[in-house]
Amino acid sequence: MSINNSKYYSFSFFLFLTSLICAQNTANGKILDAKTNKEITGVDVFINDNNNPALTTTTGNFSVQSDSIIYKLKFLRKNYALENITVTPENANSLFVKLSQEKVESIQEVVIHNEKTKYKNKKENPAYAIMQEVWKRKRNNGLDKFDTYTYKEYEKIQFDANNLDSTFMKKKIFNKLDFIFDYADSTASGKMALPIFLNEAVYTNFGENKPAKKTKRLLIAQKTSGFQDNQIITLTAKNLYRDINIYDNTLNYFDIGFPSPVGGNGFSTYDYNLVDTISINGENAYKIRYQPKRTEVLAFQGYLYIDTDSYAVLGATLKSTQKINVNFINAISTELEYDNPDENTFLPKKFVTEIEMTPFSKKKTSKSIIAKRSVDYSDYDFNKPLEDKVFVRREEEYDNKFVDKDDAYWMKARPDSLSKSEQGVYDMLDKLQKTPKFNRLVKLYETLGSGYYNVTKGIDIGPIFSIYGKNEVEGDRIRLGARTYFTQNDPWRVQFYTAYGFKDQQVKYGVEGRYMFNRVNRFMIGAGNRRDILQLGVQLTTDDGIMARSFASSTVFARGENASLSSLNQTNIFTSIEPWKNFQIRVDGTMQSIKSANPDGFNLMYYRNGDLRKTVNDSHVTISLIARPGAKFSQTGVDRYEHGTLAPTIVLKYTRGIEGLFNADFNYNKLQFMFYKPVLIGSWGKTLINFEAGKNFDTVPLALQNVIPGNQSYSLVGNTFAQLNYYEFVADTYTTLHLEHHFNGKILSYIPLIKKLKLREVAFIRGAYGTLSDASKSINVEGFKYSAPSEQIYYEYGFGIENIGFGNLRIFRVDFNWRGNYLDRPDISKFGIKAGFQVGF
C-alpha cells in the first residue's frame, strides 16, 4: 500500500509560509433606505459570518474593524430585509448600502426569539418542529434523478498571507523582495494582507444514471499564479477541501468528521433557536441559529435558512468555534447556497469555504494563511443524450496546453471579475520568479516538502531524510541517492542510491528506471536491480519494486537485538496499465537470491533434495490487481501525487515461483489479498481498517515464507504488531486485522484541565491467525523455532495519545501496547511504548 505524503507536504508548507502572513481590515460607508434614500439608524452590522453584530449604528454612517480580512458585511434591521455586501479593497472605504423594507407575515404558532431560549424539552422549541420537517423531507442531490446531466463548475482557490506589519516587512529575508508589498492590501492599522497564490479552474461535469452509472469531470481551463511550478503547494491547496452535502449526518473536513446541523441526529450536538424570517431570492425562509451544546467538540455554529413552505435548505453558514481542535487550523467558515427544483431534490448553487491556517499560534494576531475556495455551479442541463465517447479518457486531455486559455476566455468564464489584489498576483509572481533570492527560498521549500534537493537541471539528490541509519549488521549506515526530475509530468524517471555500512564495510546499491508510454491508461514499463541489507518480514502484501519502502536499515533505536536481517540481490522488471480509472494491472518478473546477513545470529539455511543450502535462489512472476475507487491524483507523469481522500485500497496478488528459471530452487503458488479503508464514524472520529489474507500453496523455506509483521523498533510503524519479535510467527496461511480508531478528543474533552491540552485519544486492537505445515517447518535447519498463531488468534490492544505539542503544532504521538496472549514464550515483550511524529490535521 502506498503512503500518502500530502500530509507531510502540508506541514512543510505551513512552516515555510509562516514567515509571510495576516491582516486587519476596516470598512466604512453609509446606510440608506432603498425607497426614500434617507439615512437609517439602529442597523446591526455583521462582519463575515460572525453571529454577533460588530456594530449597531446610531447615525447613517458606519465604520467597522476586524482582526481578520473583511470580505463580506451583513446589515440587519427590524422591518428590513437582510442585505449582504461583498467587500473588496476598492469599495471597502466607500460602501453605500440600501436596505429594502419588507413585511413578513407572522407564522402561525411560531414565536421568534433573538436570544438563546431555554426550553423544558425540545418539543417546546419551535426550531425543533421546523427541523423535524426538514429531516422528514430530507432531500437528495437532484443529479441522481435524471437519466443524464451536465453542468459547469468554476472553482477559485486563493491564498493570502495575513497579519503583515511594517516590522515584519523590514526583515532581512525581504531584501530585494520588498516590491511584493506593493501588491498588498493596506489597512488603517498598518497591517497588510498579501495575495500569494491563485488558482482558477473551469470544469464541465457529465453524468449518466441509466442504463449504467457513469461520471466524468473534465478540466476545461486552468490558470495558476503563485508558485505555479511547485506541485506541493498546488496539491496542498486542493487537499484542503472536500465535497460536502449539508443533509448528510457527517460533514468531511480534512478527513475529520463534523456533525452536520441538518443531519438527522443534529439535536444530539446542537442547540437551535428560531430568530427571524427573511427573504432569500424571493423565498420566505426561517432563519435558525444553531450552536454546539459543548464548545470543546468538533462542531460548527452559524445559521440555517429553511424555506417556510417546502422546508428545503436554501442556504447555510458553518463556522468553527474558537476552540477548534484541528492541527494548523485557526478557523473554518463555509457558506452554502442551494437550488431546490422540486420537493425531493436540491442542486448545489454556490459554496464558499475559508480556512485560516498557521503552524504555531492560535492567536488572532498571529501571522497566518487565509485559504479561500469558492465554487459556482451553473448551466445545468438534464436528460439530453450523451455519447459514450464523452466518458472515454482522451490523450489530449492530458496535454498541458489543453487547458491554456486566453484572457478573453477568462473574462467570460468568471462569474465575478477578479479583484485588483487577485489580478496583481499574476504580475507579482512573474517578477518574483526573476529574482534569485526568491528562487532560493522556493528551492528550500521544495527540498523540505519532497525530500529531494535539485542540484542541476533534471537531477535531484535525496531523499535527504534517509541519509543516516543504524542496524545490528551494518552499524552506522550512510545512504545517498539521486533521481532524474525535469518536470512534474516527466514520462520517465531513473533513480538510484548507494549505501555504506561502517561495521560490515560493504557497499550497497539500488537502481531503477521507469518509462510511461501513454498518459491515459498509464501503460508503463520498468526495471531495476539492488544489492542491500534489508529487514524482510515486516510487510505481508509487499511491493516488488526496487525502490519500494525498506525497513530496519534505518532503525536507530529498537528493543532487543535485531539480528534477523537478510542480504538480498534482486533484479526486477515490470509492466503496468490502468485499463479503467483507478484500477491498475501490474505484472512483475523478479529474480533474487536471499541469504542471512548475519549467519551467526539469524539462520536462513534450508534443505533441498537432501542438500544443505544457505542461499535461496528464486524466480517468480507476480500479477497484481490494484483498485483505488474514488482516489484523486495530481499530475500525469510517471509519478503522481495523491490527494487526501477516504478512498479504499484493494489489492489482489498472485505469485508463481518457477523452478529452474535462472537457477531458481522452487515451484510455488501464492495468493494474497489486502483491503484498507478509513471510515468516518460521525462525531466519534475515524476508524482505520486494514485486513490482509494470504496462502502459500506449496512448501518454501523461511526466506520466501509469510511472516506476521513484527516491530522491534520504538517507532510507530503502520500495519505491524508492536509486541511481536521479527520472525516470531511464520505462516503458510494467514489472516490479519488491524482496527485503529481516532476519537479526535471527544472523550478527553470531558475531563477538566486535561481538555485544555487538546490531546486526542486513539484506541486499537490487532489480530493475526495462521497455520504452518510440518513440511514448511522441516525444510528449514532451525524450523523448530518457528510456528504460526494457530492455537488461538494472536492479539494486541492498547491506546494512544496523539496531538501532543503546542499551539497549532501538535504532531507527536505516543502509543501504549499490550500483548494479549502467547505470554509464555521466551524473550517476548508483554508491554511496550511506541512514539513518533504523525503529521496531519
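## Strands, cores and rings in a predicted chain

Strands here are DSSP runs of E with at least two residues, helices are runs of H or I with at least four, and both are numbered from the N terminus.

A word on what you're looking at: this is a predicted model, where local features need pLDDT of at least 70 and side-chain atom pairs count only at pLDDT 80 or more, though totals for chains, interfaces and linings use all residues. Residues are numbered from 1 along each chain as its sequence is written, and side-chain values use heavy atoms, with hydrogens and water left out.

**The whole chain**

The protein chain comes to eight helices and 45 strands. Of its 841 residues, 54% count as buried, where buried means under 20% relative accessible area, exposed over 50% and partly exposed in between (1.4 Å probe, protein chains only). If you take contacts (heavy atoms within 4.5 Å) between residues at least 6 apart in sequence, 65% of them join residues at least 24 apart.

Two strands are said to pair if DSSP finds at least two bridges between them. Trp818 has Phe831 in β45 as its bridge partner.

At the other end of the numbering, four strands form an open antiparallel sheet in the order β3-β2-β5-β6. β3 (55–56) and β6 (83–86) each have a single partner strand, so one side of each is left without a neighbour in the sheet. β5 (residues 72–76) joins β6 through four antiparallel bridges, and Phe75 has Glu83 of β6 as its bridge partner.

**The cores**

A nonpolar core is a set of buried Ala, Val, Leu, Ile, Met, Phe, Trp, Tyr and Cys residues joined through side-chain atoms within 4.5 Å. The largest one has 58 residues, and those touching the most other members are Phe159, Ile246, Tyr272, Ile288, Leu304, Ile306 and Ile355. Helix α2 (residues 126–136) gives the most to this core, with six residues. Apart from it lies another core, of 32 residues, including Leu604 and Leu772.

So what's around α2? Eight of its eleven residues are buried, among them Tyr128, Ile130, Met131 and Trp135. Their cover includes β15 (270–280), β16 (283–292), β17 (300–307) and β18 (313–320). Leu304 touches Met131, Tyr272 and Ile288, among others, once neighbours within four places in sequence are set aside.

**Rings and charges**

There are 41 aromatic pairs. Rings of Phe, Tyr and Trp (its six-membered ring) pair if their centres lie within 6.5 Å; planes under 30 degrees apart are stacked, over 60 edge-to-face, and the rest tilted. Tyr500 and Phe502 are an edge-to-face pair because their planes stand at 90 degrees, with ring centres 5.2 Å apart. Tyr500 is partly exposed, at 29% relative accessibility. Ring pairs also link a cluster that includes Phe146, Tyr149, Tyr247 and Phe382.

Lys287 puts its charged end over the ring of Tyr303, 4.4 Å from the centre; Lys405 does likewise over Tyr409, at 5.7 Å. The cut-offs for a charge over a ring are NZ of Lys or CZ of Arg within 6 Å of the ring centre and within 35 degrees of the ring normal.

Most residues other than glycine have a negative phi, and most peptide bonds are trans.

| Residue | Feature | Loop between |
|---|---|---|
| Pro211 | cis bond with Lys210, omega about 0 degrees | β11 (192–208) and β12 (214–225) |
| Pro463 | cis bond with Gly462, omega about 0 degrees | β23 (458–461) and β24 (468–471) |
| Asn582 | positive phi, about 65 degrees | β29 (566–580) and β30 (583–596) |
| Tyr727 | positive phi, about 65 degrees | β39 (706–707) and β40 (730–731) |

Asn582 is buried at 12% relative accessibility, and Tyr727 is buried at 6%.
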